[in-house]
Amino acid sequence: MGSLVGKTALVTGASRGIGRGIARELARQGALVAVHYGANEQAARETVELIDRDGGRAFAVRAELGAPDDVETLYSQVETGLAEQGQGPELDILVNNAAVSGSARIHEVTPELFDRLFAVNTRSLLFLVQRGLKNLRDGGRIINVSSAATRIAYPESVVYSMTKGALNTFTLALAKELGPRGITVNAVGPGFVATDMNADRRATEEAAARLAGWSVFNRLGQPSDIAEIVGFLASDASRWITGQCLDASGGSGL
Ligand code: NAP
């Protein structure tokens, strides 16, 4: 039996990439998982099917983060989905994974890009947590997917890096705020992981090798590399860790 049997989890951006890996890992450990997505219904359905096939339990919920009413849209579906599975509205694990990226050096940044990245990666996330605290049980877990770009200068995506810096600061403050409720709040900081997010940056073999070279293991991360770290942070074994950003970059930039 997995260590998350009887627990409920919401993973944002779980239709693809790292979020799909996290949803599968939490379900593998026994959690009932709400698989959130923004637009790609087919991909979200595939995540749910993969979990079903592995003997886990999951359902999909749609909400475009950054749109008006995104948070209420999301939680009303989460609560309906949980009820359909015979559960109350309580969540044990909230994984804030959904984000948008945008390559832009300082001279390329526009107000539109700045507003879009902060709207999805920072603003929406904060209000998603604020609302989620009504559902999150004492002793629960909040796990934020950040980026190694908060530790290693990455001027190629300056605004994206800033949104993740804000996320780390949020993680720190929230960990103290929620300590009395026994809720841990941590972040993980992946390096380059092979997902759609950076597909254009590794279009050639040479470019892919360059990205792989950031890690001391000389390979790109896989979603499962990140998912298992998140699985640990979701488990009881991590109960004495809070307010931290765990590097999950295969030693990038050491
Ligand atoms: P991805 O493959 O691009 O997938 C993004 C996921 O987020 C999808 O499920 C997508 O839903 C959802 N999403 C994006 N914008 C959304 C919005 N406005 N509303 C609702 N859902 C939205 O990304 P990934 O590479 O797995 O990244 C996951 C997390 O890891 C992100 O926080 C990212 O910043 C972080 N990260 C990634 C890397 C990397 O190298 N890949 C490195 C460091 C950190 P749809 O499928 O519906 O579009």
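Guide: Helices and strands here are DSSP runs, numbered from the N terminus. In this predicted model, the chain has seven helices and seven strands.

Visitor: Which pattern does the chain follow, read along the sequence?

Guide: The pattern along the sequence is β-α-β-α-β-α-β-α-β-α-β-α-α-β.

Visitor: What would the radius of gyration of a compact globule be, and what does the chain have?

Guide: A compact globule with 254 residues would have a radius of gyration near 18 Å; the chain has 17 Å, so the two agree. Along its principal axes, the C-alpha trace spans about 50 × 40 × 35 Å. The accessible surface of the chain is about 12,000 Å², and 53% of that belongs to carbon and sulfur atoms.

Visitor: How many of the residues count as buried?

Guide: Buried means under 20% relative accessible area. By that cut-off, 49% of the 254 residues are buried. As for contacts between residues at least 6 apart in sequence, 74% of them join residues at least 24 apart.

Visitor: How is the length of a helix checked?

Guide: The expected span is 1.5 Å times one less than the number of residues. Helix H1, residues 17-28, has twelve residues and should therefore span 16 Å; its end C-alpha atoms are 17 Å apart, which agrees. Helix H5, residues 158-178, has 21 residues and reaches 30 Å from its first C-alpha to its last, close to the 30 Å expected.

Visitor: Is H1 mostly covered or mostly exposed?

Guide: H1 is mostly covered, with nine of its twelve residues buried. Those buried residues are Ile-18, Gly-19, Arg-20, Gly-21, Ile-22, Ala-23, Glu-25, Leu-26 and Ala-27. Just after H1 comes Gly-30, with a positive phi of about 110°.

Visitor: Which residues of H5 are buried?

Guide: An α-helix has 3.6 residues a turn, so residues three or four places apart point the same way. In H5 the buried residues include Val-159, Thr-163, Leu-167, Phe-170, Leu-174 and Leu-178. Tyr-160, Lys-164, Asn-168, Thr-171 and Ala-175 are also among the buried residues of H5.

Visitor: What do the buried residues of H5 pack against?

Guide: They pack against helix H4 (111-132) and against E5, E6 and E7.

Visitor: Is Leu-254 buried or exposed?

Guide: Exposed means over 50% relative accessible area. Leu-254 has 82% relative accessibility, so it counts as exposed. Leu-254 lies in the segment after strand E7 (245-248).

Visitor: Which residues make a nonpolar surface patch with Leu-254?

Guide: Val-216 and Phe-217 make the patch together with Leu-254, and its area is about 400 Å².

Key. Residues numbered from 1 in each chain as written. Predicted model: local features only at pLDDT ≥ 70, side-chain atom pairs only at ≥ 80, totals over all residues. Heavy atoms only, no water. Patch = residues over 30% accessible without salt bridge, like charges linked within 9 Å, V, L, I, M, F, W, Y side chains within 5 Å. Areas by Shrake-Rupley, 256 points an atom, 1.4 Å probe, with all protein chains shown as cover. Salt bridge = Lys/Arg side-chain N within 4 Å of Asp/Glu carboxyl O. Helix = DSSP H or I, 4+ residues; strand = E, 2+ residues; numbered from the N terminus. Buried < 20%, exposed > 50% of the residue type's maximum accessible area, 1.4 Å probe, protein only. Rg over C-alpha atoms; globule rule 2.2 N^0.38 Å. Contact = heavy atoms within 4.5 Å.
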